[in-house]
Amino acid sequence: MRTSMLAMSATALLALSTQAFAAGELNIYNWGNYTNPELIKKFEKAHDVKVTVTDYDSNTTALTKIEAGGHGFDIVVPTGNYVPIYVEKGLLLESRPDQMTNFKNVSENWKDVPWDPKRHYTVPWQWGTTGVAVDTSVYGGDINTSAIFLDPPAELVGKVNVVPEMNDIINMTLFYVGGEPCTTDKTVLKKVRDVLVAAKPKWLSMDYGTTDKLSSGEYPATVNWNGSTFRARLNNPKVAYGYPKEGYPLWMDAVAILKDAKNPENAKLFQNFIMEPENAALISAFARYANGIDGSEAFMPEEMRTAPEIVTPEALKSAGQFLPTCSGESRDLYTAIWTELQK
Amino acid sequence: MTLEAGQPRSLEAEATNRRIRRNWLLSLPAILLLLVAASGPLLIVLVYSFLKPGDFSGVVWEPSFNAWFQILFSRDIFDDTVGLADAHLTIFWRSVRLSLSTTLITLVLGLPTAYFIATRSGRQRTFWLFLITIPFWTNLLIRTFAILEMLRNEGIVNNSLMSLGLIAEPIQILYTDTAVLIGMAYVYLPLMVLPLYAAIERLDFRLVEAGYDLYANRLQVFRKVILPIIKPGIVAGSILVFVPSLGAYVTPRVLGGGKNMMIGNFIELQFGQGRNWPLGSSLSILLLLIVMAALLFYVRASSREEPHG
């Protein structure tokens with residue numbers, strides 16, 4: 001604890017001293033292992049701005065810290081369903097990306113999204129799907145189903161990992177039993193609970209770190225995100241990604257500027273900067289998710305353009321759904337089921 | 001400390017009073033710091049536990065006993081009947097059980113270790129104590145991941161058991177309660193050894209000799225002579241191990257695979273994805289109360305006079 005305090009004051013001192021040298025600063029608060037250092041270097045060079053990236057591991061962590069104030073961040077990258085919460089709490093600057101010069105590059109289907117109508121606040125960072133990843137040398141059957149973890153085939157019993165993301169897991173189970181996300185319908189939720197409680201003894205663990213453990217073969221099967229599975233497959237070619245036909249969550253992380261940003265002009269430059277296809281391609285080349293900017297494919301490595309984790313099969317496209325933000329009653333019901341599952 | 005006014009006081013009493021006042025004054029900064037830094041945050045937690053949860057995080061400033069009610073009782077989400085909160089009790093019981101087991105294991109391993117060290121010569125003693133403290137040089141998280149590496153299916157433990165021909169295929173140790181127990185016993189063992197060592201070091205071995213002279217056998221000497229004398233060390237070590245075990249977060253999270261929660265993980269859930277800060281706060285206070293109860297029990301147990309016989 002003491003060392004981290006020391007480190008913090010040291011960084012604070014450093015930050016103060018560098019202020020004098022660089023023309024400007026930009027403080028980005030983003031998910032861990034998600035920002036391409038080359039992209040940052042390019043931006044720093046282009047605009048003579050010193051960029052600092054700080055990590056978080058979940059939407060709730062980010063929201064809590066930003067709400068508490070005094071964080072010093074200019075930019076945050078929440079998932080789409082969290083954007084309305086930020087807006088409602090008055091935490092975001094209406095930076096009008098829709099009027100920026102590079103907005104023309106945003107793909108048609110990302111120009112107007114339910115969580116940010118007409119894009120008054122946010123710019124696409126990356127988008128992806130939550131599905132299942134399976135080591136095909138362990139199980140060779142159909143993997144486009146949530147049964148991989150909700151009713152594991154004999155080969156995978158005791159070998160499945162489930163990421164401890166309450167919303168993703170409960171919503172996938174809801175799709176599996178034929179319910180709607182954020183439902184408060186108790187007959188459906190009861191089915192969800194029964195399916196989950198019955199499946200749990202067949203799981204190996206409930207943990208993150210899926211990219212590494214899929215690569216090493218420690219997880220023969222896991223609930224996972226598409227980009228993470230892509231990165232694992234590059235290390236272990238036997239890993240394959242399944243899009244559950246019963247339904248799977250779609251998500252997009254979006255770059256927003258905070259209302260109390262100290263460097264709003266630099267932050268706007270950054271929003272415009274990442275809508276440039278060449279720069280968006282850098283984002284994807286690092287974290288291996290699609291970015292929502294037209295023309296960026298041309299700058300991406302060949303393997304990105306054809307990756308089965310990125311190009312959703314036509315037949316399974318309609319099963320993907322954006323998750324709304326559940327609140328109040330349904331959240332309490334979700335937590336109760338989740339607690340019972342992990343007791 | 002009541003002094004009746006008007007009573008003649010001796011110079012000596014005057015001096016004592018002055019000394020007491022000066023001592024109070026000198027310790028005032030420390031007391032203030034403790035009050036602000038220790039009680040302040042606790043007070044916030046206590047207040048939060050009597051409020052309503054905010055929609056996405058934080059609290060709404062409306063008084064409510066709901067969080068405390070939720071700990072013990074749950075309204076069945078499906079048929080609305082109120083019953084004992086089975087899930088919460090299971091989690092609490094698992095934590096208490098694992099912490100007690102950890103304390104017992106470290107005691108059984110720590111006692112001979114401490115005895116061995118305390119009976120060496122001066123320089124050897126320093127060397128062995130130095131070895132005991134080495135693990136503290138490395139971050140807890142890194143040590144836990146090292147244990148994970150050893151317990152894995154392709155890890156050292158399984159590989160050596162397999163090459164010895166004791167097992168045919170890897171046994172699943174990782175992600176079970178056993179793994180959590182191994183990890184916690186490893187992490188907290190030094191906390192048991194050090195107070196035990198301090199107690200045994202002070203042991204007057206002439207008493208042991210006297211015991212033998214009076215025809216006591218080894219077991220009797222251990223039970224009637226050594227044990228009562230080193231009891232404060234055992235009590236201190238057990239407290240030092242039991243208390244942090246109860247709130248352990250990293251070890252169950254990494255080695256338990258996150259399938260079964262302990263109290264620490266359960267509290268984290270309330271502040272994170274569960275978004276129920278009041279419940280998290282009330283659980284934290286409850287944890288504190290359990291720890292205090294354990295401490296009181298130990299204090300009373302250690303201060304009780306041993307019957308002579």
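Let's start with chain B: of its contacts with a separation of 6 or more, 67% are between residues 24 or more positions apart, where two residues are in contact if their C-beta atoms, placed from the backbone, lie within 7 Å. This is a predicted model, in which local features need pLDDT of at least 70 and side-chain atom pairs count only at pLDDT 80 or more, while totals for chains, interfaces and linings use all residues. Residues are numbered from 1 along each chain as its sequence is written, and chains are lettered from A and ligands numbered from 1 in the order in which they are written.

Staying with chain B, you will find 12 helices and four strands; helices (H or I, at least four residues) and strands (E, at least two) are DSSP runs, numbered from the N terminus. Chain B has a radius of gyration of 25 Å, well over the 19 Å that the globule rule gives for 309 residues, so it is more spread out than a compact globule. The radius is taken over C-alpha atoms, and the rule is 2.2 Å times the number of residues to the power 0.38. Along the principal axes, the C-alpha trace of chain B spans about 75 × 70 × 40 Å. Buried residues account for 30% of the 309 in this chain. Here a residue is buried if 20 or more other C-beta atoms lie within 10 Å of its own, exposed if 12 or fewer, and partly exposed in between, with C-beta atoms placed from the backbone.

Now turn to chain A, which has 13 helices and 10 strands. Its radius of gyration is 21 Å, close to the 20 Å that the globule rule gives for 343 residues, so chain A is as compact as a globular protein of that length. A box of roughly 65 × 45 × 45 Å along the principal axes holds its C-alpha atoms. In chain A, 48% of the 343 residues are buried, and 72% of the contacts with a separation of 6 or more join residues 24 or more positions apart. As for confidence, pLDDT is the predictor's own score for each residue, from 0 to 100; chain A averages 89, and 93% of its residues score at least 70. Over residues 1-22 of chain A, however, the pLDDT is below 50, and this stretch has five contacts in the model beyond near neighbours in sequence.

Chain A is divided into domain 1 (2-127 + 251-306) and domain 2 (129-250 + 319-342), with bounds that come from an automatic or database domain assignment. Taken over C-alpha atoms, the centres of these two domains of chain A are separated by 28 Å. Where they meet, nine residues of domain 1 are in contact with 10 residues of domain 2.

How do the two chains come together? In the model, 26 residues of chain A are in contact with 21 residues of chain B. On the chain A side, α3 (59-68), α7 (186-199), β6 (203-205) and α13 (329-342) each supply at least two residues, and α13(A) gives the most, with seven.

The largest nonpolar core has 90 residues, and those with the most contacts inside it are Ile148(A), Ala221(A), Ile337(A) and Leu196(B). Such a core is a set of buried Ala, Val, Leu, Ile, Met, Phe, Trp, Tyr and Cys residues joined through C-beta atoms within 7 Å. Helix α7 (residues 177-201) of chain B brings the largest share of this core, 17 residues. Leaving aside residues up to four places away in sequence, Ala221(A) touches several residues, among them Val132(A), Val134(A), Ile148(A) and Leu156(A). A second, separate core of 53 residues includes Tyr56(A), Val77(A), Val255(A) and Ala280(A).

Helix α9 (residues 226-235) of chain A is worth a look too: eight of its 10 residues are buried, so it is largely enclosed by the rest of the structure. The buried residues include Phe230(A), Arg231(A) and Arg233(A). They pack against β4 (123-135), α8 (210-215), β7 (221-225), β8 (239-242) and α11 (277-287) of chain A.

Finally, consider some loops. Most residues other than glycine have a negative phi. Asp48(A), in the loop between α2 (37-47) and β2 (49-56) of chain A, has a positive phi near 50°. Asp48(A) is exposed, with 11 other C-beta atoms within 10 Å. Arg119(A) also has a positive phi, about 55°, but counts as buried, with 21 C-beta neighbours inside 10 Å.
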